[in-house]
Every structure is written in structure tokens, then in C-alpha cells.
Amino acid sequence: MSEIAVLFNGYSTMSANDEMTANCTCTLIKGAHNIIVDTMTAWDSDKIISALKSHGVIPEDINYVVSTHGHSDHIGNNNLFLKAKHIVGFSISYKDKYYIFPFDKGQEYVINESVKVVPTPGHTLSDVTVLVKSNQGEQVAITGDLFEKHEDIEDPNIWLEAGSEDKVQQARNRSKIADIADWIMPGHGAQFQVTKELRQTLRKQIV
Ligand SMILES: [Zn+2]
């Protein structure tokens, strides 16, 4: 099992004149491996280093970086973690070595017995979700922008307007992940518990 620490809760707000203010949820997983999920914007390195420090971790201790997809607010500080294997969407690499892995065929990448990375395309065509079994025995899904925030369950326009390269697949994967998760950590909001009603709502949104 693994300990999960949210280093920063993501946010996103639309303003007038086609601007959006946003940063992603950044999460540390401690267990058989140290893993950081989504590394915010390039301007956040000092914040990340000091947040890690408060959990007794330095960047060299990180074994895996997972960016749920390749957008700039989810990859900004990957280069702090030079001892880690990097998983960015469907791409797995270490230095100049790339590991071919069939995420595109639906295969799950197992990091250890409590953490795996599963393909959940939709927001981009190569989005992944990190599934973690917590120390409390609960299944936690760190989803990136598959879910923008809790409010996007009731108002799907929120995730659609945040950008969806394949909304049919995204709706399907949202429901699939909710069916297996106890908690969801969305890309741009605080974590929320998955209820039976929430699962039903998401099932109805599949077209
Ligand atoms: Zn995002």
C-alpha cells in the first residue's frame, strides 16, 4: 500500500477575453516507489521542492514522474527529477531511452503492487490515470484532466470546455474510472469521494 500526499490542489477559472487561470493538482505517492504525479507549470519549481521537503523527500528520491498528459501545466518541472523514469501520457522514457508500451491497446503499466498507470484517453488521446491503493485500503484515482473538478459531474460543460480531443471516449473513461475508484483526484480541483449516485450520473453521460 502507498501513502498519498496532495502537494497542491489544482484550480481553473475562466475569465473574460478567452483567458483561463489554471494549475494542476500535484501529488506525491510514497511506498515501494516514490512517485510524483503532474508537476505543474515551469514557474513552480521552488514550491514543489519545498513541498517535497516537508514530506522528507528530495527530487533525487523520486523513482517515477507521471504526467497524466502532455499539457504545459502538467509537465513543467519534470526536469527536477533526473533519477526517475518519466511517464508522460503514453510515452515512457529514461534519458534518451524510450520504452515501447501498448497503452494504446488498453494495457495497464504496473509500477508496484499498489500503483499502476492505466490509459484513459479523452482529454487528449494519450491521457493516463494513476490508480493507487492507499494505506487505508481505498482505491484512489489520480486522473489528471479526465475529471477537471468535482463540479464537472453535474455540469459536463466544465470538462468539455477545458478541452476534449475525444468526448465519447472521455465520457466512457470517466465512468469506467468512477466504477473502480473510491476517491478521485481531478486535474484542477480537490479530491472527492465517489458515490453510487455519482457513478449512475456518469453512466448516463455515455453516448
Ligand atoms: Zn490541466
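Glycine 189 is buried, with a relative accessible area of 9%; buried means under 20% relative accessible area, exposed over 50%, and partly exposed in between, computed with a 1.4 Å probe on protein chains only. The structure is a predicted model, in which local features need pLDDT of at least 70, side-chain atom pairs count only at pLDDT 80 or more, and totals for chains, interfaces and linings use all residues. Residues are numbered from 1 along each chain as its sequence is written, and side-chain values use heavy atoms, with hydrogens and water left out.

**Glycine 189 and its surroundings**

Glycine 189 belongs to the loop between β14 (183-186) and β15 (192-193). Helices (H or I, at least four residues) and strands (E, at least two) are DSSP runs, numbered from the N terminus. Apart from neighbours within four places in sequence, glycine 189 is in contact with Asn9, Gly10, Tyr11, Thr25, Glu148 and Lys149, where contact means heavy atoms within 4.5 Å.

**The zinc site**

Three residues coordinate the zinc ion at 2.0 to 2.2 Å: His74 (NE2), Asp145 (OD) and His188 (NE2). Donors are N, O and S atoms within 2.8 Å of the metal (3.2 Å for Na, K and Ca), and sites may look incomplete because water is not among the atoms. The spacing of the donor residues in sequence is H-x70-D-x42-H. Histidine 74 lies in helix α2 (residues 72-75) and aspartate 145 in the loop between β13 (139-144) and α3 (157-161), so the pair ties together parts that are 71 residues apart in sequence. Histidine 74 is buried at 0% relative accessibility, and aspartate 145 is buried at 5%.

**Nonpolar cores**

A nonpolar core is a set of buried Ala, Val, Leu, Ile, Met, Phe, Trp, Tyr and Cys residues joined through side-chain atoms within 4.5 Å. The largest such core has 19 residues, and those with the most contacts inside it are Ile87, Tyr109, Val117 and Val130. At least two residues of this core come from each of β5, β6 (64-67), β10 (109-112), β11 (115-119), β12 (128-133) and β13. The strand that gives the most is β12, with three residues. A second, separate core has 15 residues, including Cys26, Leu28, Ile48 and Val57.

**Helix α1**

Which residues of helix α1 (residues 45-53) are buried? They are Ile48, Ala51 and Leu52. Seen down the axis of α1, these residues fall within an arc of 100 degrees, so they line one face of the helix; the arc is that of the directions from the helix axis to the C-beta atoms. An α-helix has 3.6 residues a turn, so residues three or four places apart point the same way. The buried residues of α1 pack against β1 (3-8), β4 (26-30) and β5 (35-37), while Asp46 and Lys53 are exposed on the other side.

**Aromatic rings and charges**

Rings of Phe, Tyr and Trp (its six-membered ring) pair if their centres lie within 6.5 Å; planes under 30 degrees apart count as stacked, over 60 as edge-to-face and the rest as tilted. By this rule there are five aromatic pairs. Two of them are tabulated below.

| Ring pair | Distance between centres | Angle between planes | Class |
|---|---|---|---|
| Phenylalanine 101 and phenylalanine 103 | 4.8 Å | 65 degrees | edge-to-face |
| Phenylalanine 103 and tyrosine 109 | 6.4 Å | 45 degrees | tilted |

Phenylalanine 101 and phenylalanine 103 are both buried, and tyrosine 109 is buried as well. Ring pairs link Phe90, Phe101, Phe103 and Tyr109 into a cluster.

A charge sits over a ring if NZ of Lys or CZ of Arg is within 6 Å of the ring centre and within 35 degrees of the ring normal. The charged end of lysine 47 sits over the ring of phenylalanine 8, 4.8 Å from its centre, and that of lysine 85 over the ring of tyrosine 99, 4.3 Å from its centre.

**Positive phi angles**

Most residues other than glycine have a negative phi. Aspartate 38, in the loop between β5 and α1, has a positive phi near 65 degrees. Lysine 95, in the loop between β8 and β9 (97-99), has a positive phi of about 50 degrees. Is each of these residues buried or exposed? Aspartate 38 is buried, with a relative accessible area of 2%, whereas lysine 95 is exposed at 65% relative accessibility.
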